[in-house]
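Q: I'm new to this one and would like to learn how to read its features. Can we go through them together?

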Amino acid sequence: MLRLWRGLKTVVQTSPANTHHYHTIQAIPRECTGSRISSRDRAQGRIPAVVFSQGLLEKNRSNRSPSRKQILTTERKQIRSIIKSVQLPFFCSTRFQLQIRAGSGSSVLLESGTVLPIKIHRDEESGKILNLVFVWADEGTELKVDVPVVFKGLEDCPGLKKGGYFKMIRSSLKFQCPAEHIPQKIEVDVSKLDIDDRVLMHDIEVHPSMKLLSKNESMPLCKIAPTYIENPEPMKV
């Protein structure tokens, strides 16, 4: 019998890494673009990057906001260190302070602000980061963001102890909300789920300013499924 879990305790946890003062990304402008220029930058230990207003991605041109587009490079060592500290799944749901300086090691600050990474381009074979894409994420800016979902309490889940198995259906949820309210992750407590229980999208409690971008909020995030034995052998008497 299918049961929907009610009274589920869900937590939206914003860790210190989600405050934009925790890490400051240093970048310098790129005067030229192209594959050769990008290859040269990578050989020098830098990662080509771009930052713009997310409204630039709107299909309807009338809805597009001023782009504030900047073509940049960042330091590979710093980006690696930040990703290791923040943890990769949460990198694209964490805001960072960005400082654009006149040159490598320069004290001249050209522009600064808060940004949100939205895409990491990697080499398919080596896994090395090729490019980074950021959007401006200053306070009050409405953004669309994919927030990772983390499931906790599996070790205490009664459904699993009875022989069921955990089935994750969604690993992230897409929201639209002010930049300052973006959670780094959503933690879902499954410690009270029994066999056939499931957690639905609309069971998740988030900040009132966060709008879930889903056509069907009754879709499950996860469920505890029963374990069936296919074609069981008849019992011998």
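A: Glutamine 176, for example, lies in strand β11 (residues 172-178). This is a predicted model, where local features need pLDDT of at least 70, side-chain atom pairs count only at pLDDT 80 or more, and totals for chains, interfaces and linings use all residues. Residues are numbered from 1 along each chain as its sequence is written, and side-chain values use heavy atoms, with hydrogens and water left out.

Q: Is glutamine 176 buried, exposed or partly exposed?
A: Buried means under 20% relative accessible area, exposed over 50%, and partly exposed in between (1.4 Å probe, protein chains only). Glutamine 176 has 25% relative accessibility, so it counts as partly exposed.

Q: Which strands close into a barrel, and in what order?
A: Strands of a sheet pair through backbone hydrogen bonds, either parallel or antiparallel. Two strands count as paired if DSSP finds at least two bridges between them. Here six strands close into a barrel in the order β3-β5-β4-β8-β7-β6, with mixed pairing. Within it, β4 pairs with strand β5 (residues 70-75) in the antiparallel sense, over six bridges. Across that pairing, isoleucine 47 stands opposite threonine 74 in β5.

Q: How many salt bridges does the structure hold?
A: Side chains of opposite charge can pair when their charged atoms come close. The cut-off is a side-chain nitrogen of Lys or Arg within 4 Å of a carboxyl oxygen of Asp or Glu. The structure holds seven salt bridges. One of them joins aspartate 194 and lysine 162, at 2.8 Å from N to O. Aspartate 194 sits in the loop between β12 (185-189) and β13 (197-200) and lysine 162 in the loop between α3 (158-161) and β10 (165-168), so the pair ties together parts 32 residues apart in sequence. Aspartate 194 counts as buried at 18% relative accessibility, whereas lysine 162, at 57%, counts as exposed.

Q: What about arginine 46: which side chain of opposite charge is nearest?
A: For charge, Lys and Arg count as positive and Asp and Glu as negative, while His and the chain ends are not counted. Arginine 46, in strand β4 (residues 46-52), is buried yet has no salt bridge, and the nearest side chain of opposite charge, glutamate 75, is 4.3 Å away.

Notes:
Helices (H or I, at least four residues) and strands (E, at least two) are DSSP runs, numbered from the N terminus.
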